Amino acid sequence: MTKKLNIALLFGGNSSEHDVSKRSAHNIYDALDKDKYNVSLFMFTKDGILLGNSASQRIFNGDDEDQVVQEEYQKMNLNQPLAPIMALNEMKDVDLFFPVIHGNLGEDGTVQGLFKLLKKPYVGSNIAASAMAFDKDLTKKILTEAGIRNTPYVVVTPENRADYPWAKVEEKIGDLAFVKPAKQGSSVGIHKVTNAEEYEKALDDAFKYDYKILVEQGIDHPQEVEISILGNEHPVASKLGAVRVPEGDSFYNYENKFVDASGVVFELPVKLPEYLTEEITSMALKAYKVLGMKGMARIDFLVDSNNVPYLGEPNTLPGFTNISLYPQMWEVSGIGYSDLIDRLIQLGLEEFDRNSKIKYDFRKLGEEKVGTKKYNED
């Protein structure tokens, strides 16, 4: 009989996507074959403190989160430097970490660094790829360098805000723009703007979530198309899906993603001209490789009225909620939910094994020998 793998499912986090992560974790937990895996749960609180399996299970099963967190905090010495990760003491036999932490901590490379220190396999991209993909500015720079089409933009910070009044932005990228924090997800802090008043209010709100803001050229009434990628060195792409928001909504925002999606239409798979499907798929696979992503990613595109696709952004830890397109696009492509989870775990183990073969040469320096120092007068 094959030994069961011990999987640590991490969820929560100190980001605006905390509750989204909890929904994703429930679906992944249900899809994990309990004949193959022993599953432990570990939740990061909204303060970024990791809770142990018992407390995390209580929250997972419906106990009031705030009450459980307060009870756990009373048992901790939160002034201790390692308090945020003391629950790691319960993880002695973990074979693989499965992070389902959207936004901060999960998609920005933080927990990936922790997993590397612990010398454990994990699902998803490594530290560098996660951090680059999470930063929309860095992502667009890399995409542009690789010749992958994306929309023009400017970066506004608290330091240079005065240099970018609406008149200058309008001159550079047009009179329809989207203001978005560089390092946030799920459309948090994003605003569609068409004039100076909307622009200034949008910046005020976006600066609550990040100190680097993208002001990106808008596409009028674009078609939103998404694609799922799976794999390490040889990734494969799913069929494409499309999101159609209600006519009165300006874009696919947090409200119609997670709060009330009843008016949203998901077309799976979406019927597009063959050349357009091929172009989007090619762009997505190329972006996945140049950004160094591993395991999985959902990549979002905007298609204008002339059927020209623009790569929007990659998501290295895409949602697994009931309305999330990443697993749904694989479903219509022939890979069921449980099989998809199995493949992601296998990819994590394979990537860990591959990296374990990298050699490091440690040379003893011996006695230090330095050259003669010559100081010149000014």
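1. Helices here are DSSP runs of H or I with at least four residues, strands are runs of E with at least two, and both are numbered from the N terminus. By that naming, Asn307 lies in the loop between β12 and β13 (309-315). The model is predicted. Please read each point below with that in mind.

2. Stay with Asn307 for a moment. Asn307 is not a glycine, yet its phi is positive, at about 65°. Is this residue buried, partly exposed or exposed? Asn307 has a relative accessible area of 25%, so it counts as partly exposed, a class that runs between 20% and 50%.

3. Lys119 is another residue to check. Its phi is near 60°, again positive in a residue other than glycine. Lys119 sits in the loop between α4 and α5. Its relative accessible area is 67%; it is classed as exposed because that value is over 50%. Why look at such angles at all? Most residues other than glycine have a negative phi.

4. Next, a peptide bond. The bond from Leu268 to Pro269 is cis, and its omega is near -15°. Pro269 belongs to the loop between β11 (265-267) and α10 (274-290). As background, most peptide bonds are trans.

5. Turn to strand β12, which covers residues 295-303 and holds Asp300. Asp300 has a relative accessible area of 14%; that is under 20%, so Asp300 is buried. What does its side chain meet? The side chains of Asp300 and Asn315 are joined by a polar contact of 3.4 Å. Setting aside neighbours within four places in sequence, Asp300 is also in contact with Val225, Glu226, Tyr310, Leu311, Gly312 and Glu313.

6. Now the strands β1 and β2. Strand β1 spans residues 5-12 and pairs with β2 in the parallel sense, over eight bridges. Strand β2 runs over residues 37-44 and is mostly covered. Six of its eight residues are buried.

7. Met91 deserves a look. Its place is in the loop between α3 (65-75) and β3 (96-100). Beyond its neighbours within four places in sequence, Met91 is in contact with Leu10, Phe42, Leu50 and Phe97. Asn6 is 85 residues away from Met91 along the chain, but their C-alpha atoms are separated by 9.4 Å.

8. By type, the lining of the second largest pocket divides into eight nonpolar, six polar and four charged residues.

9. Begin at the cis bond from Leu268 to Pro269. Move to Asp300 and its polar contact with Asn315. Then follow β1 and β2, which pair in the parallel sense.

Technical notes:
Residues numbered from 1 in each chain as written. Predicted model: local features only at pLDDT ≥ 70, side-chain atom pairs only at ≥ 80, totals over all residues. Heavy atoms only, no water. Nonpolar A, V, L, I, M, F, W, Y, C, P; charged D, E, K, R; others polar. Buried < 20%, exposed > 50% of the residue type's maximum accessible area, 1.4 Å probe, protein only. Polar contact = N/O pair within 3.5 Å; in protein donor to acceptor, adjacent residues only side chain to side chain. Contact = heavy atoms within 4.5 Å. Pairing = 2+ DSSP bridges.
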